[in-house]
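User: I have a model open and want to learn how to read its features. Can you take me through them one at a time?

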Amino acid sequence: MPEIVINARKAAIGPGLMVNRILPFRMRRMVGPFIFMDHAGPVRLSTEKGPSMDVLPHPHIGLSTVSYLFKGNVTHRDSLGVKQVIEPGEVNWMTAGKGIAHSERFEDPAILAGGQLEMIQTWVALPEKDEEADPTFFNYQKDRLPVFEEKGLWMRQIAGEAYGLKSNVPTHSPLFYLHVELQRGHRLNVPEGYEERGLYIAKGSLEWGSQVYEMGQLLVFGKNEQASVKAVTDCTIMLLGGEPVGERFIWWNFVSSRKERIEQAKEDWKQGRIVLPPDDQDTFIPLPEEKFKRKDPPPEALS
C-alpha cells in the first residue's frame, strides 16, 4: 500500500470556478516542498458566465506558484508588470518571496464554452533562506522542457530531475515534477532517490499490487518504497515530490516558516503594501474576514 492515498475534495477558488483540491490535506500537509495542488477542469461554462471564473488580484508570500495547462489558456498579470498568456504544455513559475500580487483571467469565452480548459496548479514552499527573496516570474515554453517518449509512454519534465531528464526551470530545492501519459497495459516506475514522492491520477485508472486507483487520487510513497504502477486504462499522471523543506504554516494565500510572518502579510495586504498588478487594479480580493481565522481548516486558498 502507499504511505497514504489522498482523495481530491471540491473547493471554490472563485464565484464560477470549482476545483479538485488535493493538497494540503489534514493528514498530509506536503509532499517534498509541494504544499498545495489543485486540478481545475475540464471546465464548461456558458459564454456570459465566463468572467465569473476570473481569479482577481490576490497576494502571496513564501512560495512559488506553478501553473501547467492540459487545455485552454489563462492570462497572468502580476505586481512586476508581467502579462503572460500561458498555453498548454508551458510552465508559469512565479516566486512570491517577500510578496507579490497576481491575477488569473480567462479571456477567451469560446474556450470555456467548449470545455477546453483544464489545468494543474501547485505551490512549492521556499527554503527559509529564500522566503524573503525578491519576487520573480518566468514563462517556459514547451520546447524548452525535456520530453521522453517510447512505446506506451510519454513524459514531460516540468521541473527538477528524474529518469535522467533535467528541466531548464530553476528551483530553490531538490524536487521533481512531471506530466506523464501512460497507455493501457504499460508500466511506470515511480522516480527513486527522493525523500517524498507522489503520483496524482488526473485521468484514467492504474494498478499497484492488487489495488486499483482512480482519477482524483494522489498516492504518496515513502523513500524506500519501490513502486511500479500499471495503467488499467489510458492515464494522465502528474508525478511530484522532493526533499522536505521543514514545517510550514499556511493561511489563505500565505506560506511561511514563521506564524508572525503570516500576520505581517495579512497587515501588508490590508494596508496596500503589496502592490497590485499595474494593469489590473480596478478590483482585488480583500483579506478574508476574521471569522475565518482558525487553525483547521484554513480559508480557501487561491491559485
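User: Start with the sheet. What is the strand order in the open sheet of 4 strands?

Analyst: The order is E5-E10-E7-E8, with antiparallel pairing. Strands and helices are DSSP runs numbered from the N terminus (strands E, at least two residues; helices H or I, at least four). Two strands pair if DSSP finds at least two bridges between them. Before going on, note that this is a predicted model: local features need pLDDT of at least 70, side-chain atom pairs count only at pLDDT 80 or more, and totals for chains, interfaces and linings use all residues. Residues are numbered from 1 along each chain as its sequence is written, and side-chain values use heavy atoms, with hydrogens and water left out.

User: Which strands stand at the edges?

Analyst: Strand E5 (55–60) and strand E8 (83–86) do. Each has a single partner strand, so one side of each is left without a neighbour in the sheet. From one strand to the next, the twist averages 25°. Angles here run from 0 to 180 degrees between N-to-C directions, on axes fitted to C-alpha atoms.

User: How many bridges join E5 to E10?

Analyst: There are 4, and E5 runs antiparallel to strand E10 (residues 100–105).

User: Now a hairpin. How do E19 and E20 pair?

Analyst: Strand E19 (residues 205–208) and strand E20 (residues 211–214) are antiparallel, over 4 bridges. Glu207 sits opposite Val212 in E20. The hairpin has 2 residues between its strands, and Gly209 takes a positive phi near 65°.

User: On to charges. How many salt bridges does the structure hold?

Analyst: The general idea comes first. Side chains of opposite charge can pair when their charged atoms come close. The cut-off used is a side-chain nitrogen of Lys or Arg within 4 Å of a carboxyl oxygen of Asp or Glu. By that test the structure holds 17. One of them joins Asp38 and Arg21, with the closest N and O atoms 2.4 Å apart. This pair links distant parts of the chain, 17 residues apart: Asp38 is in strand E4 (residues 34–43) and Arg21 in strand E3 (residues 17–23).

User: Is Asp38 buried or exposed?

Analyst: Asp38 is buried, at 3% relative accessible area. Arg21 is buried too, at 7%. The scale: buried is under 20%, exposed over 50%, partly exposed in between (1.4 Å probe, protein chains only).

User: Which residue meets Arg77 in a salt bridge?

Analyst: Asp279 does, at 3.4 Å from N to O. The two are 202 residues apart, with Asp279 in the segment after helix H2 (259–270) and Arg77 in strand E7 (residues 74–78). Asp279 is partly exposed at 45%, whereas Arg77 is buried at 9%.

User: Which residues form a network of salt bridges?

Analyst: Glu132, Arg258, Glu260 and Arg261 are linked in one. Within it, Arg258 pairs with Glu260, the closest N and O atoms being 3.8 Å apart. Arg258 is partly exposed, at 35%.

User: Last, the core. Which residues have the most contacts inside the largest nonpolar core?

Analyst: In soluble globular proteins, nonpolar side chains tend to be buried together. A nonpolar core is a set of buried Ala, Val, Leu, Ile, Met, Phe, Trp, Tyr and Cys residues joined through side-chain atoms within 4.5 Å. The largest has 28 residues, and Tyr177, Leu218 and Met238 have the most contacts inside it. Strand E6 (residues 63–71) gives the most to this core, with 3 residues. Apart from it lies another core of 24 residues, including Leu153 and Phe176.
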